[in-house]
Amino acid sequence: MAIACRGEAVQTRKLTSPDMPSAMTATTVDLLAELIRFDTTSRHSNLKLIAWVQDYLSRFGLSCRLTYNEDGSKANLFCRIGREDLAMIVLSGHSDVVPVDGQDWTYPPFELTDGDDGRLYGRGSADMKGFIACVLAKVPDFVELAKSDSLKQAIGIALSYDEEVGCLGAGRLIEDLVSQGARVAGCLVGEPTSMKPVIAHKGIAHYRCRIRGRAAHSSLTPLGVNAIEYAAKLITHIRKLADAEASFGHRQPLYDVPFTTMQTGLITGGVACNIVPADCEFMFECRWLPGDDPQRLVASVTDYAASLLVEMRAVADEAAIDIERVVHSPAFEAEPDSDISRYVSCLCHCEGRGVAYTTEAGLFSEAGMPCVVLGPGSIEQAHRPDEFIEIAQLQACHDWLGLLTNNLIK
């Protein structure tokens, strides 16, 4: 499809609370306040937020499809606006947020607070309920265009669960779209990018490694198999692999960290200092560049574990090393000739960039749905105490979505 760009590049304007510029911005802020009130920390259910959004959309005559996790405590939401025969541009965001535990907040985290400094404070304000609020504020415009049959491409609204703990929910939403035969021309994932497009990001995988040795009195160490020490050998091997990637691995200058990385993030084991520990468990991660194969690194860890196991079983037949993948979210690279890439290119007028963090764009892209990551707020504010989004960023996103809408009109 040839795309003729309608509109100018969005310039972020500095706005302060006294001169909040438009009723639509005020509506966006009101919607954001409602979204923030739901404590959707990933360990909790998101069903109350999903029900609230479903009710909001129903006021405009819209119906939603929900897909649930295994125990039914969480749900994805998908809503289509426009004729069934049209390919869609999907506006996608995750509903969950990270914990506030142990963080020193000046403002109540689950209440949107106007700081009188051009900023709105609250958990998820930037990551990424600000984007969701902007999308919901545009729904009346989307619906009017659909009613008048003015859309050449339909609009989809997608909300997922458990993005913050490994992009766990989006896969079920995508599977449902595929099973329904939905045609997706492009997907805008509204992570906080300061309204500057992200066209590539790394993939991420987390692995749990369990080591089983044999306990013994510490005065008789040769009779035991020290699970912590063997874990340490594996962790050292992982560190060596990471160092080799940093020194000799493929580099991509598009990224702030331009090579594939590995690191160990959690470890637990042992009972007492005078007991040879029988058990140890640790978790490590790999973040890889698009086009790289993380399995080559994991295979090296697995092969080394097999050699260690031979040593361990020379003393204890019951010794074991188990490596389990618990999170996998693929790397992402935008398709420059896709509809969504062309829309973003002609409306942003700035170069796309690559980032080291991971989003659901990798999953959509892997399913054949072209993506760009673009949204209001800064990733630097995500996951921090006193998380905030600038009102100017909400206005910029609102304006940008308006320009995008203009380009979806026949």
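Modeller: Let us begin with the disulfide, defined here as a pair of cysteine sulfur atoms within 2.5 Å; by that criterion the structure holds zero disulfides. Please keep in mind that this is a predicted model, in which local features need pLDDT of at least 70 and side-chain atom pairs count only at pLDDT 80 or more, whereas totals for chains, interfaces and linings use all residues. Residues are numbered from 1 along each chain as its sequence is written, and side-chain values use heavy atoms, with hydrogens and water left out.

Colleague: What makes Cys64 and Cys134 buried or exposed?

Modeller: A residue is buried under 20% relative accessible area, exposed over 50%, and partly exposed in between, using a 1.4 Å probe and protein chains only. Cys64 has 18% and is therefore buried, and Cys134, at 0%, counts as buried as well. Across the protein, 54% of the 410 residues fall in the buried class.

Colleague: Why is Ser194 called partly exposed?

Modeller: Ser194 has a relative accessibility of 27%, so it counts as partly exposed. Ser194 sits in the loop between strand 7 (184–189) and strand 8 (198–201), and it has a positive phi of about 60° although it is not a glycine. Asp386 also has a positive phi, of about 55°, without being a glycine; its place is the loop between strand 17 (371–373) and strand 18, and with a relative accessible area of 16% Asp386 is buried.

Colleague: What makes a stretch a helix or a strand, and how many of them does the protein have?

Modeller: Both are DSSP runs numbered from the N terminus, helices being H or I over at least four residues and strands being E over at least two; counted in this way, the protein has nine helices and 18 strands.

Colleague: How do you know that strand 9 and strand 14 pair?

Modeller: Two strands pair if DSSP finds at least two bridges between them. Strand 9 (residues 203–212) and strand 14 are joined by nine bridges in the antiparallel sense, and within that pairing Cys209 has Ile323 of strand 14 as its bridge partner. Strand 4 and strand 5 (residues 119–121) pair over two bridges, also antiparallel, with Asp114 standing opposite Leu120.

Colleague: Why are strand 11 and strand 14 placed at the edges of their sheet?

Modeller: The open sheet has four strands in the order 11-13-9-14, with antiparallel pairing. Strand 11 (261–269) and strand 14 (320–329) each have a single partner strand, so one side of each is left without a neighbour in the sheet. Direction ignored, neighbouring strands of this sheet are turned by 20° against each other on average.

Colleague: What makes helix 5 lie across that sheet, and at what angle does it run to strand 13?

Modeller: Contact means heavy atoms within 4.5 Å, and angles run from 0 to 180 degrees between the N-to-C directions of axes fitted to C-alpha atoms, for helices over the stretch in contact. Helix 5 (residues 227–248) lies across strand 9, strand 11, strand 13 (279–288) and strand 14, running at about 10° to strand 13. Helix 6 (residues 295–313) touches strand 9, strand 11, strand 13 and strand 14, and its direction makes about 165° with that of strand 14.

Colleague: Finally, why does the radius of gyration of the protein agree or disagree with a compact globule?

Modeller: The radius is taken over C-alpha atoms, and the globule rule is 2.2 Å times the number of residues to the power 0.38. For 410 residues a compact globule would be near 22 Å, and the protein has 24 Å, which agrees. Along the principal axes, the C-alpha atoms fill a box of roughly 80 × 45 × 40 Å.
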